[in-house]
Amino acid sequence: MKRRDFLGAALGGLAVGRTGSLAGLRASRATWLLVPMDETQSDHLKAYGVTFRVLERGDKAEWFLNYRDGSFLLPGDAATQRDAAVAGVSATPLDDGQVAEIRAGLSQGNLDAVPLEKAPKVAVYAPPNAAPWDDAVTMALQYAGIKFEKVWDPEVIGDKLRTFDWLHLHHEDFTGQYSKFYLTYAGAPWLSEMVDRNQRTARELGFPNVPAAKKAVARTIGAFVERGGFLFAMCTATETLDLALASDGVDIAASFADGTPMDPDAADKMHWDKALAFQNARLELSPSMAVYSDIDGHQVNSPDRRQPLGAFTLFNFSAKIDPVPTMLVQNHRQVIPDFYGLTTSFSRQTLKPGVTVLADEAGAPWVKYIHGERGQGTWTFLGGHDPEDPQHQVGDAPTDLSTHPHSPGYRLILNNVLFPAAKKKELKT
Amino acid sequence: MRWPGALLLVLGAVRTASAQDASSRAIDLERRGDYPGAAAAWRSQLATNPADLAALLGLERALSPLGRLPEMVEPVQTALRRDASSGVLGIAIRVYTAARQPDSARAAVERWSRLEPGSEMPFQEWGLAAYSARDRASAKAAYLLGRQKLGRPDAMAAELGQLAVAEAEYGDAAREWSLAIQRNPAYRSSALGILAQVPVAGRATLLRELGKVGDLSGQRLAVALEIRWGQPLAAARRLLAALSKSGGDDVPALQETLEDLRGSQSAERAIARAMVLEQLGERAQGSQRARIRLEAAQAYADGGDQASARKMLGTLAGDPSATAAMAASASSTLVGVLVDEGGIEEADRKFRELSPLLGAEDRQRLALRLAQGWIRNGRLTQADSLLAADSSIDAEAIRGRIALFRGDLARARTLLGDAGPFTGDRAAATERAGILGLLQLLEEDSLPALGEAFYRLERRDSAGAAAGFEKLAATMAPDHGGGELLLLAGEVRAGLGQNPEAEKLYRSVVAQAFPASAAAAEFALAGLFLKSARKEQAVAALEHLLVTWPTSAVVPQARRLLDVARGAVPAT
């Protein structure tokens with residue numbers, strides 16, 4: 001569901017609210033399933049999949065914000081019960097009376113119920129040869145059993161994004177510099193393949209070089225958000241997407257990528273108004289250093305500037321007034337160990353005014369998790385590569401999420417997947 | 001006269017301090033990533049002293065990340081007019097190469113070469129600069145020019161080898177790296193590091209070309225690469241074939257390969273190691289030869305090649321240089337080999353001869369192995385008597401199995417229970433726990449038919465064992481061992497590759513619907529489906545299991561297998 005539908009549906013939502021929301025629509029049913037998301041849940045990550053599949057079957061669900069750490073109320077039909085049992089997700093059967101009791105509690109305190117109405121169509125931006133285990137979102141979606149489609153440059157340029165509600169970006173380098181690994185990993189077969197594939201695709205799409213193609217892709221993604229799409233990005237896709245958007249007409253790519261060196265005055269020529277989240281960043285001029293700018297607070301690939309990992313704290317929002325950020329931070333842990341990525345965090349000094357900070361590290365000059373709006377859509381950026389592989393290195397073994405079913409970091413990702421399914425009038429503080 | 005002299009000293013000191021300040025400022029700007037600022041600072045220093053090597057290097061460092069190195073052409077030319085030292089010439093080569101001025105670069109190379117005749121450095125500098133600029137053709141030309149000028153056919157072989165790999169010219173790579181190693185053996189690890197990255201498609205060509213290299217060096221490199229690529233047996237065979245033709249001093253090559261074969265020991269790796277040791281033993285003398293042969297025999301035995309192990313031990317038996325300890329160790333290895341070969345009588349005789357010479361631990365270890373050999377040969381009494389004096393947990397476990405094979409379930413329960421999970425490897429401990437679980441379900445204290453079926457399994461008559469379990473199951477209630485026995489029969493059938501029979505047995509247990517056996521049978525059924533690429537049926541079976549038997553002990557494994565079947569987690 002696009003955000004404009006989301007807002008447009010608010011009027012209808014009022015009517016549903018008067019009839020008792022989902023409970024009213026299903027008053028004839030005797031039982032419900034409450035999927036608790038506190039410490040009693042046996043598989044937090046698969047709980048999102050069970051909820052998603054309820055929506056896929058055309059049923060409705062509700063997200064009880066801040067109630068038992070963001071629980072879900074699902075219809076107690078046989079299919080849902082079976083799905084929860086197969087997935088190993090804890091679910092408690094409730095009758096109408098018990099649900100009414102919970103609702104009474106929700107009306108008091110910082111809690112609320114958000115109807116979930118339609119399973120969003122999910123796209124993951126990844127090259128065709130990307131290893132499925134090297135992208136936290138792909139792993140989370142596969143583990144939870146949430147369907148998605150992969151798209152890449154030809155699909156984006158071919159305007160296929162119009163058919164999706166939600167788009168995820170991970171470690172793609174939208175500056176077209178191959179994560180700036182070109183010199184460090186020169187000769188590595190995986191890098192050669194990445195370079196060849198990108199160059200071939202750029203040529204086929206009619207662009208003179210990879211940076212030009214990626215800028216066009218970034219612009220199309222920006223337009224997707226403007227039209228009402230939901231964008232979620234992690235790792236280096238966050239920073240490079242904004243750099244690509246802001247560098248319209250400015251050469252920020254090293255000569256190995258486009259044949260000409262980076263414009264040494266590029267930082268002064270950037271159009272930050274075109275970026276989603278960041279402004280006034282200082283660009284890294286060295287082509288051999290896998291760092292793009294000072295947007296990243298941790299600078300993991302800069303020996304002189306690298307910062308140690310700490311822990312980040314999720315912010316509290318008012319569930320009744322700020323449901324969107326509240327949904328995005330639902331978790332059974334408020335403090336989460338940090339994890340590196342090519343872009344690990346976001347310097348406070350480079351954030352645009354109006355960006356909503358969802359999590360930060362107390363006292364540090366960076367934040368971890370941010371959210372904002374563009375046109376009719378929204379974007380959410382989470383720094384870092386893999387919440388359960390804090391030091392992630394190229395070639396590391398894949399993360400097996402069956403050993404991390406309670407991962408609070410992965411919950412943040414899945415909050416983002418369900419958030420577009422929500423149907424409620426958004427009120428900003 | 002003193003006054004002006006002092007003034008000059010003061011002025012000189014001021015100038016030095018000022019230069020130091022300028023350098024510090026430039027370096028500080030570099031550290032902060034302000035390369036344009038650093039470049040300006042270094043330029044101002046060069047304005048005072050155009051041949052200042054530190055400032056030239058600084059300017060090069062600052063301009064390189066900006067992609068503006070060609071701007072240094074003029075400062076370099078100015079510096080060269082004042083100081084044509086190798087340091088400045090090196091910078092000149094890099095700058096001219098970046099500026100695409102090959103003639104100037106070549107002039108600088110030749111100038112440097114005249115300063116240091118016989119040095120490879122000017123050509124290496126030029127080649128490296130061209131390679132960094134991703135101009136591999138110029139890099140190759142630079143190295144070949146150096147080779148020609150220096151008149152040494154092996155000059156810059158490593159550099160040319162590296163280039164050849166980048167160009168996927170594996171014939172050249174093979175020749176150049178062999179030359180490099182012949183000239184300086186320290187290049188071996190670099191050669192291996194680079195050549196090991198050759199993609200699978202290019203490996204056959206590379207190995208063939210290495211084989212064509214005149215002396216043994218190419219084959220040695222090929223052997224090491226095959227080991228790295230997980231083909232130890234092929235590597236050992238290649239080495240042995242090459243040695244038979246070389247006629248030179250082979251020992252370093254054998255030792256080198258032995259070193260490469262260290263690490264985790266698969267059966268193939270153990271046999272490869274044994275083959276190399278055997279050859280090394282041929283070339284050794286005295287007690288060292290005996291020791292190496294003993295090691296080879298043990299390696300053959302570890303790899304499961306009992307015939308070769310026995311052959312090695314035979315050569316050792318007649319070796320007068322073998323010490324008493326070596327002879328005991330050899331006899332001990334021989335007992336193990338004989339047991340594995342089925343020569344149990346001879347093994348027993350050897351053991352009794354050897355027993356007084358062995359330490360308690362070795363004696364116990366061999367006795368256990370021998371007892372297992374007697375069991376496999378159908379002589380339970382001999383096995384029992386051999387362990388009579390042994391009260392260890394290992395012996396309890398074997399005695400428990402003997403009781404089981406005799407159908408004495410009461411005694412088997414006690415002994416296997418005492419042994420618990422504390423002996424043998426993980427597979428043996430798991431199997432023991434499984435048997436104990438089955439015995440606890442059965443009410444009988446004596447069941448010779450069950451013992452016979454298990455004994456058939458032990459003696460590798462799996463089909464007979466499966467039939468025995470099935471026959472016995474028919475006489476038992478499903479919830480009192482009947483289901484478990486059918487499940488066991490199914491597992492044996494599956495192990496034999498009789499999948500339809502196994503599937504039928506599993507399905508019959510699932511249909512009986514008794515919790516423990518039905519859930520385990522459904523899990524086994526799903527595993528069978530997955531192995532036969534029937535993914536959808538596996539998923540359906542696992543989902544049914546999870547929904548029907550949510551409290552079964554196999555639920556965690558079933559959920560994990562379901563994730564694997566669906567591709568939700570990486571298969572491990």
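Trainee: Why are helix 8 of chain A and helix 9 of chain A called roughly perpendicular to each other?

Mentor: The axes of helix 8 (residues 189–204) and helix 9 (residues 210–226) of chain A cross at roughly 70° and come within 9 Å. Axes here are lines fitted to C-alpha atoms, for helices over the stretch in contact, with angles from 0 to 180 degrees between N-to-C directions. Angles under 35 degrees count as roughly parallel, over 145 as roughly antiparallel, 65 to 115 as roughly perpendicular and the rest as oblique. Helix 8 and helix 9 of chain A are therefore roughly perpendicular.

Mentor: Before we go on, this is a predicted model, where local features need pLDDT of at least 70, side-chain atom pairs count only at pLDDT 80 or more, and totals for chains, interfaces and linings use all residues. Residues are numbered from 1 along each chain as its sequence is written, while chains are lettered from A and ligands numbered from 1 in the order in which they are written.

Trainee: What makes strand 14 of chain A largely enclosed by the rest of the structure?

Mentor: A residue is buried if 20 or more other C-beta atoms lie within 10 Å of its own, exposed if 12 or fewer, and partly exposed in between, with C-beta atoms placed from the backbone. Seven of the nine residues of strand 14 (residues 366–374) of chain A are buried, so this strand is largely enclosed.

Trainee: How do you know that strand 14 of chain A pairs with strand 15 of chain A?

Mentor: Two strands pair if DSSP finds at least two bridges between them. Strand 14 and strand 15 (residues 377–382) of chain A have six bridges, in the antiparallel sense. A:Tyr369 stands opposite A:Leu382 in strand 15 of chain A. Strand 13 (residues 356–360) of chain A is joined to strand 14 by four bridges, also antiparallel, and there A:Val357 has A:Ile370 as its bridge partner.

Trainee: Why do strand 4 and strand 5 of chain A stand at the edges?

Mentor: The open sheet has five strands in the order 4-1-3-2-5, with antiparallel pairing. Strand 4 (92–95) and strand 5 (112–116) of chain A each have a single partner strand, so one side of each is left without a neighbour in the sheet.

Trainee: How many residues of chain A are in contact with chain B?

Mentor: Contact needs C-beta atoms, placed from the backbone, within 7 Å. By that rule, 24 residues of chain A are in contact with 22 residues of chain B. Helix 4 of chain A gives the most to that side of chain A, with three residues.

Note on methods: Two residues are in contact if their C-beta atoms, placed from the backbone, lie within 7 Å. Helices (H or I, at least four residues) and strands (E, at least two) are DSSP runs, numbered from the N terminus.
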